[in-house]
Amino acid sequence: MPKVKIAPSILSADLSRVNKEIKDVEKHADLIHVDIMDGIFVPAATVDSNFIKTIKTKVPLDVHLMVHEPSNSYIKGFIDAGANSITIHEEACKNPSKQINFIKKNKVKAAISIKPKTPLYRIEKYLNMVGMVLIMTVEPGYAGQKFIALTMSKVKELRKLKPKLDIEVDGGINPLTARIAFEAGANIFVAGTFIFGKKDRAAAIKEISSTLK
Ligand code: DX5
Ligand code: ZN
């Protein structure tokens, strides 16, 4: 199984002081997960690539695009802002190969995500093109939702198909659900509320990572 990584999601942080919030988690985070919502693919809208440019950190940025049909120039904005990986949604793109190829051409790690109700076969043809798959463990759109355990069958099946692929889970992750996802085969764990909802963010991260051994 690939390396275990923890990715605090800044959706749940205080974005008016984002660099201070990131300082709190930096030492213990492997990635910083940044949720981008367009108000179309999901009802809410969040920050854009200009906001990402203001983030000062050495921790790699994991950009999750909950965006309908992102264009090359839109994606380029995130590449120029320093994204280390960019995840698109299968449900949001007519032909995801187009976005995947563009991201890869720009030497950024490309990833594809599916919502809880989307079956795994929908992304089978992209598995050899991407560096990571994000299996959503809640409906995309909001922080603070409950982990959907039914999604674990997809993680298990995917891990069997791809022993070396990065498999990320996102939504409702806490020490208990992280452990469930870890046992199913996930190795990258996004957590918003559980980390940023705590005063001691470092302790919260350690609490998650201590269950992943
Ligand atoms: C949900 C986002 C998540 C969100 C997770 O649409 O993709 O990254 O921040 O938040 P929690 O950990 O609170 O479920
Ligand atoms: Zn996310």
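Predicted model: local features only at pLDDT ≥ 70, side-chain atom pairs only at ≥ 80, totals over all residues.
Me: Where should I start with strand S3?

Reply: Start with its cover. Strand S3 spans residues 61–66, and six of its six residues are buried.

Me: Which residues of S3 lie on each side?

Reply: Leu61, Val63 and Leu65 lie on one side. Asp62, His64 and Met66 lie on the other. Both faces are covered, and these residues are all buried.

Me: Which strands pair with S3, and do they run parallel or antiparallel to it?

Reply: Take the two partners in turn. Strand S2, residues 32–37, is joined to S3 by six bridges, and the two run parallel. Strand S4, residues 83–89, is joined to S3 by four bridges, and this pair also runs parallel.

Me: Which residue of S3 does valine 34 stand opposite?

Reply: Valine 34 stands opposite valine 63. For the pairing with S4, look at aspartate 62. Its bridge partner there is serine 85.

Me: What unit do S3, helix H3 and S4 make?

Reply: They make a β-α-β unit, and it is right-handed. Helix H3 covers residues 72–80.

Me: Which residues of H3 are buried, and what do they pack against?

Reply: Ile75, Gly77, Phe78 and Ile79 are buried in H3.

Me: What follows H3?

Reply: Glycine 82 does, and its phi is positive, near 100°.

Me: How do I read a positive phi?

Reply: Here is the general idea. Most residues other than glycine have a negative phi. Glutamate 69 is one case: its phi is near 40°.

Me: Where is glutamate 69, and is it buried, partly exposed or exposed?

Reply: Glutamate 69 sits in the loop between S3 and H3. Glutamate 69 counts as partly exposed because its relative accessibility is 29%, between the cut-offs of 20% and 50%.

Me: What is the phi of lysine 107, and where is this residue found?

Reply: Phi of lysine 107 is near 60°, again a positive value in a residue other than glycine. Lysine 107 is found in the loop between H4 and strand S5 (109–114). Its relative accessible area is 76%, so lysine 107 is exposed.

Me: Where is proline 70, and is it buried or exposed?

Reply: Proline 70 is in the loop between S3 and H3. Its relative accessible area is 2%, so proline 70 is buried.

Me: What does proline 70 contact beyond its sequence neighbours?

Reply: Leave aside the neighbours within four places in sequence. Proline 70 is then in contact with Leu65, Ile75, Ile88, Cys93 and Gln99. Now try a distance. Proline 70 and valine 25 are 45 residues apart along the chain, and their C-alpha atoms are separated by 29 Å.

Me: Where does alanine 44 lie, and what does it touch?

Reply: Alanine 44 lies in the loop between S2 and H2. It is partly exposed, with a relative accessible area of 22%. Not counting residues up to four places away in sequence, alanine 44 touches Met37, Asp38, Gly39, Gly141 and Tyr142. Methionine 66 is 22 residues from alanine 44 along the chain, and 9.8 Å separates their C-alpha atoms.

Me: How do I find empty space in a model?

Reply: Rolling a probe the size of a water molecule over the atoms shows where empty space is left. Here the structure holds one cavity of 30 Å³ or more. About 40 Å³ of space lies in the largest cavity.

Me: Which residues line the largest cavity?

Reply: The lining is Ile10, Leu11, Leu15, Val34, Asp35, Thr46, Val47 and Phe51. By class, that gives six nonpolar, one polar and one charged.

Me: What is the volume of the largest pocket, and how many residues line it?

Reply: The largest pocket has a volume of about 250 Å³. It is lined by 25 residues. Ala143, Gly144, Asp170, Gly171 and Gly172 lie nearest its centre. The lining has 12 nonpolar, 11 polar and two charged residues.

Me: Which elements supply at least two residues each to that lining?

Reply: S2 and S3 do, along with strand S8 (188–191) and helix H7 (193–196).

Conventions:
Residues numbered from 1 in each chain as written. Chains lettered and ligands numbered in written order. Heavy atoms only, no water. 1 Å grid on protein atoms, 1.4 Å probe; cavity = no way out; pocket = protein on both sides within 12 Å on 5 of 7 lines; lining within 4 Å. Points joined across faces, edges and corners; volume = space filled by probe spheres on them. Nonpolar A, V, L, I, M, F, W, Y, C, P; charged D, E, K, R; others polar. Buried < 20%, exposed > 50% of the residue type's maximum accessible area, 1.4 Å probe, protein only. Pairing = 2+ DSSP bridges. Right-handed = clockwise from strand over helix to strand, strands pointing away. Contact = heavy atoms within 4.5 Å.
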